[in-house]
Amino acid sequence: MILKLAIRNLFRNRRRTLLNILIISGGFLAVVIFQGFAANILDSTRWGAVNSQYGHIQIAAKKLWEKQSEDSFSDQQIKDPKPLQRKVAEISGVKSVSSRQTFYGLISNGDRSVAAQIVGFEPDIERGILEPEDVIAGEPFRTAGGGSSNIFRVAIGEGLAKIIDAKPGQNLTIIGQTADGGINAVDAEIVTTFRTVIQEIDDTTVFIPIELAGRLLDTDTAERLIVKLEAHEMVDRVLSEIKPLVGPEVRARSWLEVARLFNQTEEFFASQNAVVATIIFTLIFLSTVSTVSMSVAERTGEIGTLRAIGRSRSEIMTMFVAEGILLGLVGSFCGVILSYASASGISHSGMTIVIPGASMPIPIVIMFVLSAYVTALLATAVACVLATVVAVRKALKMKIVDALKYNI
Amino acid sequence: MDNVVVEIKNLSKLYRLGKNDVYALQGIDLKIHRGEFVALAGESGSGKTTLLNLIGCLDEPTDGNLQVLGQNVSTAGEKELAALRASKLGFVFQNFNLVPVLSAIENVEYSLIASAITDSERITRSRAALDRVGLGDRVSHRPDELSGGQRQRVAIARAIVHRPVLIIADEPTAALDKKNASAILQLLQELRKELEVTVVLASHDPLVLSQADRVVQLSDGVVIRDEKQGAT
Ligand SMILES: Nc1ncnc2c1ncn2[C@@H]1O[C@H](COP(=O)(O)OP(=O)(O)O)[C@@H](O)[C@H]1O
Ligand SMILES: [Mg+2]
């Protein structure tokens with residue numbers, strides 16, 4: 001009976017019901033699209049961060065993590081990294097383990113020199129850095145091919161290359177400080193100019209084979225080991241398996257602990273999502289309050305009559321709440337369809353967006369975020385029920401005899 | 001006591017309108033017995049509706065004592081009064097007050113919604129009530145598909161389906177033409193006898209008053225005449 005009443009009453013004023021459904025589904029759409037969009041940006045940022053910067057897990061000396069200035073260079077290094085590297089590589093789910101050496105140095109191609117972040121890495125093991133699509137001039141950056149001369153090659157970021165007007169084929173001199181504090185320089189050939197998704201890297205970074213870094217710094221230690229996994233979800237398990245493998249001087253951390261920028265991005269989007277969702281559900285709430293209030297006002301006489309013949313306030317409230325829920329459900333249902341259709345429409349439209357810190361526009365893809373749908377559904381339900389309660393409570397406060405004066 | 005359905009002693013109802021106090025009822029004494037057909041008469045504004053609302057446990061008196069079916073209306077809680085109305089009272093309104101989105105039978109069923117009976121019994125009883133008021137062939141019509149007289153019959157079916165002790169009808173014929181009015185009145189009379197129910201109605205229509213076996217005349221909130229008439 002309650003359901004029957006709810007459906008018929010909603011049908012009674014079709015235009016008003018339709019308008020409310022439209023508002024609900026529109027709000028639903030906005031929430032889902034916005035969150036799906038944010039999720040996609042987060043996801044690309046996450047992959048970008050993991051691939052080109054952080055790996056899933058980083059292993060380094062405790063003293064490096066703590067970054068005390070009085071610690072010497074060698075205190076902050078992993079001594080004899082190769083055996084650890086091999087053991088970690090055997091853990092299931094681990095895709096690659098490679099060593100890195102990051103330091104600051106001067107680079108020069110003759111007339112001009114500039115400070116740069118030098119990243120020594122293992123280009124043949126660590127995939128994701130300098131993928132073929134990142135290469136804008138020169139050749140893909142690899143050392144394999146035999147012969148020790150292959151380690152004398154560098155890849156330079158697009159922005160940095162512009163500053164010193166460097167091109168593939170030229171020689172680059174890298175000057176740095178050795179492990180014991182001396183000054184050292186090596187010459188290498190620029191084989192690659194690259195452009196990643198993160199502009200900051202392109203403007204500051206030179207990639208070199210870790211062997212070259214070892215030579216320049218005169219060390220065979222590693223600053224850190226970068227562990228890449230088959231899936232983001234494996235981080236915790238692999239972390240716990242790494243723990244017993246490392247000595248007391250060394251600690252493994254997940255990339256999330258390391259990646260400040262990503263955390264900030266995530267927080268930013270989380271608060272954006274919350275703000276947008278709050279605004280939209282407030283809108284849904286207010287429009288439902290107005291719809292139900294109008295309906296309640298028209299049905300004051302009915303409410304009075306039903307109470308006169310012995311129906312309690314709570315029964316009448318239930319009747320209206322059923323309408324509210326139904327309205328919310330139908331609105332959400334339309335919202336789901338609308339959102340899903342628009343999301344795939346937008347994702348396939350090939351539109352792009354420029355995000356701050358990214359070097360090129362990225363395609364707008366609306367990810368399917370189940371939690372966004374679930375949140376929107378729940379929030380719509382709550383908004384509709386709350387709106388009904390607010391609108392009906394006032395009418396139920398009226399005395400029966402006063403309500404009965406209204407025509408039905 | 002068993003025989004007394006409504007007992008009113010020195011009942012007053014005061015409405016406060018700003019600074020002005022309006023006594024809609026003042027010092028009413030009245031006893032209504034089981035099976036009576038009582039008409040409250042009086043000009044517009046004399047207090048008929050106010051008194052009926054009090055007897056119907058829809059409102060609380062300002063002063064005095066009001067017992068409906070042994071229940072003291074002033075001291076009873078809202079829930080008790082609602083339960084009393086749902087089980088023992090039946091209401092008929094001037095403008096029928098049917099739920100517009102429900103069919104005739106659904107409107108009648110609504111009266112039984114809280115009763116502990118099966119769905120099929122509820123439907124059977126509602127159908128029987130509609131049959132009794134002569135609308136057995138209109139059960140699935142909506143109120144706006146029925147004439148005024150038919151609507152009031154549905155309302156009466158709704159008011160009797162739960163076998164109440166007391167039917168309260170405020171101007172039940174005022175919105176009807178003469179022919180329908182007298183038919184409705186006739187129906188109420190018949191039901192009163194069949195169901196041994198007590199009927200209290202308010203009206204200023206001489207036709208209605210002539211049908212009642214007791215007329216209580218109100219004027220400015222005071223009973224000015226209370227006499228039995230005709231043979232019952
Ligand atoms: N809610 C109210 N507020 C103030 N005065 C009221 C209210 N209801 C009724 N009255 C007054 O009480 C008196 C009796 O009204 P009512 O019982 O409706 O008379 P009747 O039904 O005989 O026409 C009238 O003077 C009316 O104006
Ligand atoms: Mg009146």
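**Entry 1: A:R311**

Which backbone oxygen does the side chain of A:R311 reach at 3.3 Å? I looked it up in this predicted model, and the backbone oxygen belongs to B:Y110.

Before going on, I noted that local features need pLDDT of at least 70 and side-chain atom pairs pLDDT 80 or more, while totals for chains, interfaces and linings use all residues. Residues are numbered from 1 along each chain as its sequence is written, chains are lettered from A and ligands numbered from 1 in the order written, and side-chain values use heavy atoms, without hydrogens and water.

I found A:R311 in the loop between helix 11 (300–308) and helix 12 (313–348) of chain A; helices here are DSSP runs of H or I with at least four residues, numbered from the N terminus. A:R311 counts as buried because its relative accessibility is 2% (buried is under 20% relative accessible area, with a 1.4 Å probe and protein chains only).

I also saw a polar contact of 3.3 Å between the side chains of A:R311 and A:E315. A polar contact is a pair of N or O atoms within 3.5 Å; within protein, one must be able to donate a hydrogen and the other to accept it, and residues adjacent in sequence count only if both atoms are side-chain atoms. Beyond neighbours within four places in sequence, A:R311 is in contact with residues including A:L306, B:A86 and B:I113 (contact means heavy atoms within 4.5 Å).

**Entry 2: chain A against chain B**

I then turned to the whole interface. Chain A brings 23 residues and chain B 26 residues to the contact. Together the two chains bury about 2300 Å², with 61% of it on carbon and sulfur atoms; this is the accessible area (1.4 Å probe) lost on putting the two parts together, summed over both. On the chain A side, A:M1, A:R8 and A:I309 supply 27% of the area buried against chain B, more than any other three residues.

I noted five salt bridges across the interface, taking a side-chain nitrogen of Lys or Arg within 4 Å of a carboxyl oxygen of Asp or Glu. One to look at is B:D59 with A:K399, whose closest N and O atoms are 3.6 Å apart.

**Entry 3: ligand 1**

How many residues surround ligand 1? I read 13, with A:K405 and B:T50 among the closest (a heavy atom within 4 Å). The residues come from chains A and B, so the site is shared between chains.

A nitrogen atom of ligand 1 is 2.8 Å from a side-chain N or O atom of A:K405. From chain B, a polar side-chain atom of B:T50 lies 2.5 Å from a ligand 1 oxygen, and a polar backbone atom of B:G47 is 3.0 Å from an oxygen atom of ligand 1.

Definitions and conventions: Helix = DSSP H or I, 4+ residues; strand = E, 2+ residues; numbered from the N terminus. Buried < 20%, exposed > 50% of the residue type's maximum accessible area, 1.4 Å probe, protein only.
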